[in-house]
Amino acid sequence: MKKTVLVTGAGGFIGNHLVSLLKDKGYYVRGADIKKPDYSESRADEFLVMDLRVWDNCLLATSGMEQVYALAADMGGMGYITTHHAEILYNNALINFHTLEAARQNGAARYLYTSSACIYPEYLQTDANVKPLKEEDAYPAMPQDAYGWEKLVSERLCEHYREDYGIETRIARFHNIFGPLGTWDGGREKAPAAICRKVALAKLHGERSIQVWGDGEQTRSFCYVDDCVEAIYALMQSDYPHPLNIGQDRLISINELVSVVSRLAEYEIEIEHIDGPQGVRGRNSDNTRLYEILRWQPRITLEEGLKRTYAWIEQEVRVQYSRVLS
Ligand code: NAD
Ligand code: GDD
């Protein structure tokens with residue numbers, strides 16, 4: 001008999017990639033999401049289109065599932081999470097509280113929750129040359145935005161469910177994940193996809209500058225999605241029940257990110273700095289514990305990941321543009 005797993009958020013970016021990895025590993029996969037994937041078919045054995053804020057749907061989705069990977073969330077980049085606080089807190093709290101309780105009632109043995117680097121205190125991220133964040137830096141807590149507060153509370157919920165009910169919970173803290181099949185327009189896109197789209201559009205129209213929010217000296221680390229789903233899987237198999245960073249630890253400014261994309265696109269571009277939501281000034285992952293626990297580290301370089309991502313987004317931009325023309 002194949003092991004049964006539920007992936008919530010299977011219609012989203014990371015969930016869709018995770019479904020493919022789990023299929024390759026021989027699992028029976030049920031996907032659940034309020035929508036199907038935007039840019040590809042899902043490889044899930046069954047796909048439930050449902051709203052996971054609703055208790056009865058969570059009960060249905062988790063029934064008969066031995067393991068649950070919880071990725072459903074109302075989520076986006078800086079443009080989205082800084083402008084939808086109430087909605088995000090309400091939606092994600094309902095999704096996460098109901099999904100975990102339903103998994104428990106249905107007897108799931110393991111549950112992996114996808115948290116975020118946004119749980120780390122803002123006061124540790126005020127400098128572009130930021131100290132990489134270790135897991136224990138989460139407290140005293142001062143997460144970023146309603147999105148970060150909800151993630152931190154849901155992390156606690158997982159730890160309490162494990163202690164009180166014995167369900168084996170795992171907690172991944174993602175640091176800006178990017179790659180093909182991720183949202184690249186519409187307002188929820190994160191910086192790597194947004195920059196790829198802007199460069200691809202400029203190239204298509206023969207324009208020589210793109211707009212970047214802030215002075216571009218703010219820093220981040222970016223992790224390619226194939227590495228991310230490998231790490232999620234390894235964490236689920238592990239016996240480590242506490243939060244673990246999943247990300248890259250190479251710090252890069254947004255201006256440098258534009259330079260890398262411009263080189264890959266073989267198109268020289270100037271930057272126009274404009275006002276926009278910037279979030280923390282600098283953020284990087286300390287991967288010491290990730291390596292200690294999983295004996296694993298990300299393998300795909302930023303350049304390689306962006307090469308694949310840019311190629312996909314440039315193609316998407318061309319298709320969308322030719323639709324507008326026809
Ligand atoms: P995504 O937006 O592509 O995927 C999330 C999915 O959840 C979407 O398909 C969405 O339709 C679904 N969803 C939202 N509300 C729902 C509802 N009420 N019922 C059912 N489904 C619903 O985002 P992603 O990048 O794939 O993120 C996956 C998980 O990882 C999320 O929990 C996110 O918060 C977390 N995360 C992602 C990143 C990142 O850089 N991508 C960083 C930190 C944390
Ligand atoms: N999205 C976006 N679009 N960001 C831009 C742009 C643009 O056109 N131009 C500059 N930036 C800058 C933002 O101002 C921000 O300082 C930086 O690029 C990174 O922005 P995002 O990629 O949108 O978000 P983030 O890294 O601050 O946070 C993301 O990662 C977290 C995990 O590390 C978000 O997706 C969070 O939801 C997530 O939890």
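Analyst: Of the 26 residues around ligand 1, the ones that come nearest are Asp33, Leu52, Tyr147, Lys151 and Ile177; "around" here takes a heavy atom of the residue within 4 Å of the molecule. Keep in mind that this is a predicted model, where local features need pLDDT of at least 70, side-chain atom pairs count only at pLDDT 80 or more, and totals for chains, interfaces and linings use all residues. Residues are numbered from 1 along each chain as its sequence is written, chains are lettered from A and ligands numbered from 1 in the order in which they are written, and side-chain values use heavy atoms, with hydrogens and water left out.

By type, the shell splits into 13 nonpolar, 7 polar and 6 charged residues (Ala, Val, Leu, Ile, Met, Phe, Trp, Tyr, Cys and Pro are nonpolar; Asp, Glu, Lys and Arg are charged; the others, Gly among them, are polar). At least two shell residues each come from helix H1 (13-24), strand S5 (110-116) and helix H5 (145-165), with S5 giving the most, 3 residues. Those elements are DSSP runs numbered from the N terminus: H or I of at least four residues for helices, E of at least two for strands.

Now the polar contacts, meaning pairs of N or O atoms within 3.5 Å. Asp33 puts a polar side-chain atom 2.7 Å from an oxygen atom of ligand 1, a backbone N or O atom of Gly12 sits 3.0 Å from a ligand oxygen, and a polar side-chain atom of Lys35 lies 3.4 Å from one. Taken alone, ligand 1 exposes 810 Å², and the protein buries 92% of that (Shrake-Rupley, 1.4 Å probe).

On to the rings: the whole structure holds 4 aromatic pairs, counted when ring centres of Phe, Tyr or Trp (its six-membered ring) lie within 6.5 Å, with planes under 30 degrees apart stacked, over 60 edge-to-face and the rest tilted. Tyr161 and Tyr165 have centres 4.9 Å apart and planes at 75 degrees, so they're edge-to-face. They are 4 residues apart in H5, about one helical turn. Tyr161 is buried at 12% relative accessible area, while Tyr165 is partly exposed at 48% (buried is under 20%, exposed over 50%, partly exposed in between; 1.4 Å probe, protein chains only).

Phe178 and Tyr224 are also edge-to-face, at 5.7 Å and 70 degrees. Phe178 lies in strand S7 and Tyr224 in strand S10, so this pair ties together parts 46 residues apart in sequence. Phe178 is buried at 4%, and Tyr224 is buried at 4% too.

Conventions
A polar contact is a pair of N or O atoms within 3.5 Å; within protein, one must be able to donate a hydrogen and the other to accept it, and residues adjacent in sequence count only if both atoms are side-chain atoms.
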